[in-house]
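I opened my notebook to get to know a new structure, one stop at a time. Here is what I looked up, in the order I went.

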Amino acid sequence: AALGARRAGGAAPRARELAAAAAAPAAAAALKETVLHGQHLGAGGKMVDFAGWSMPVLYKGQTITESVAQVRERAGLFDVSHMCGVTLSGADAERFVESLVVGDISGLKAGTGTLSVMLDEAGGIIDDTVVTRMGDGEVYMVLNAGCAEKDLAHIGAHLSEFSGDCSLTVHNDRSLLALQGPKAAGVLQTLTSEDLSQLYFGMLKPVTVSGAACWVMRTGYTGEDGFEISVPNIAAPALADALTGHADVEWAGLGARDTLRLEAGLCLYGNDIDLSTSPLEAGLKWTIGKARQEKLDFVGGEAVRKLMADGITRRRVGFTVGKGAPARQGSAILSEDGKTIGEITSGGFSPTIGANISMGYVEKAYGKAGTEVKVEVRGRTNSAVVTKMPFITPTYYRPS
């Protein structure tokens, strides 16, 4: 997951369900629209209701398999403006943010970010979020679209009780584009004078792109090299045109995004993590900063401490599933002797490796890679094997 983990947001449909939903166009009047909505329609976008937003699942003349290949081989452009960017500012902003998330934010170098999680008092995951320390007294966070309302309520409630110097800004005036794929850096470099070779995975920097004042972070939700570009709303359509006008770039929708993140072994809020899951069970213990593992002085910290002492009874793992239909969310996982030992949380066909893949939670004793299990799919029992994630080899850009 590393930082790559940018999420499509909210209770997330799977790629197959998204494709099916495209047959019933979203009721635009009832849904929120990004400033790029007209461009999605112009490109033949099949719009669906996603976390209350009208979002493209795929585009005319395009299959999800073809779109996945486009991102893995060249570059795809995703509109992720439905996600919620916020800034916490003030002399005590880092201290406030660390009271809510598990990461060591004050230990980050200025202009770098990390994946973190916000917990409730019981230690369940309210949301996963990328948190960036912009500099002294300024922290930038991106919240999942489907979680934004509850996240902002949670942040606001704690901010109202906070005695330090900290204020919240919600960036409704900005859009967010994700350019992902091996050609992404070369394409973006043509639109800026900034030397992008010095911008490594997890780094964020103010960059002028195609004349617009952007915040460019080298990250993504696909396992590929790429960038998330926060751009003022007024400049977003022109920037999207400049990017998709390049021969190596095509629009990509939610269907491909879901498949790409599954291949990369990345969690999706509402599927793989939620209030019923602990970061320890989800394989996200690494998000708890080393400097914070003794005090655990954040909301939910005492629940995490107890679970550390008692030990987890289940864990999130990956699966390669045998022939037949993919094992999707809700499919039961069985031991070889037929005992129910867990449940699939995400699954689908991986066009990149040519196999059915899934992830889910199993009893800890069955979580070792190579363990053979069974999964129930459409009334049938298929063979599966616990497989290390990610399923593909990520290509995040790091210093050599």
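Predicted model: local features only at pLDDT ≥ 70, side-chain atom pairs only at ≥ 80, totals over all residues.

**Entry 1: a serine in a loop.** I began with Ser335, which sits in the loop between strand E15 (332-334) and strand E16 (340-350). Is Ser335 buried or exposed? I found a relative accessibility of 2% for Ser335, so this serine counts as buried. I then looked for its partners. The side chain of Ser335 makes a polar contact with the side chain of Asp337, at 2.2 Å. Leaving aside residues up to four places away in sequence, I listed Ile341, Tyr366 and Lys374 as the residues that Ser335 touches.

**Entry 2: the whole chain.** Next I stepped back. I counted nine helices and 19 strands in the chain. The radius of gyration is 20 Å, close to the 21 Å that the globule rule gives for 400 residues, so the chain is as compact as a globular protein of that length. I also noted the span of the C-alpha trace along its principal axes, which is about 60 × 55 × 50 Å.

How much of the chain is buried? Buried residues make up 57% of the 400 residues. For the accessible surface I wrote down about 15,800 Å², with 51% of it belonging to carbon and sulfur atoms. I checked contacts along the sequence too: among those between residues at least 6 apart, 69% join residues at least 24 apart.

**Entry 3: a lysine between two helices.** I moved on to Lys32, in the loop between helix H1 (15-21) and helix H2 (37-42). Its relative accessible area is 47%, so I put Lys32 down as partly exposed. Which residues does Lys32 touch, not counting those up to four places away in sequence? I found Gly52, Trp53 and Ser54. I also took a distance from Lys32 to Leu115: the two are 83 residues apart in sequence and 27 Å apart in space, C-alpha to C-alpha.

Entry 4: Ala51 lies in the loop between strand E1 (45-50) and strand E2 (53-59). I stopped here for the backbone: Ala51 has a positive phi of about 55° although it is not a glycine. At 32% relative accessibility, Ala51 counts as partly exposed.

Entry 5: Leu296 is in the loop between helix H8 (254-263) and helix H9 (301-310). Is Leu296 buried or exposed? The relative accessible area of Leu296 is 2%, so I wrote "buried".

Entry 6: H4 is mostly covered, with six of its eight residues buried. I wrote their names down: Ala93, Glu94, Phe96, Val97, Glu98 and Leu100.

**Entry 7: around E4.** I then looked at the loop between strand E3 (75-79) and E4, where Met83 has its place. Met83 has a relative accessible area of 7%, so I noted this methionine as buried. From Met83 to Ser175 I read 92 residues in sequence but 8.7 Å in space, C-alpha to C-alpha.

His171 was my next stop, in the loop between strand E8 (167-170) and strand E9 (174-180). Its relative accessibility is 15%, under the 20% cut-off, so His171 counts as buried. Not counting residues up to four places away in sequence, His171 touches Gly85, Val86, Thr87, Tyr140 and Trp215.

**Entry 8: a cis bond.** I ended with Pro390, in the segment after strand E19 (380-387). Which kind of peptide bond joins Met389 and Pro390? I found a cis bond there, with omega at about 5°.

How values were computed:
Residues numbered from 1 in each chain as written. Heavy atoms only, no water. Helix = DSSP H or I, 4+ residues; strand = E, 2+ residues; numbered from the N terminus. Rg over C-alpha atoms; globule rule 2.2 N^0.38 Å. Buried < 20%, exposed > 50% of the residue type's maximum accessible area, 1.4 Å probe, protein only. Contact = heavy atoms within 4.5 Å. Areas by Shrake-Rupley, 256 points an atom, 1.4 Å probe, with all protein chains shown as cover. Polar contact = N/O pair within 3.5 Å; in protein donor to acceptor, adjacent residues only side chain to side chain.
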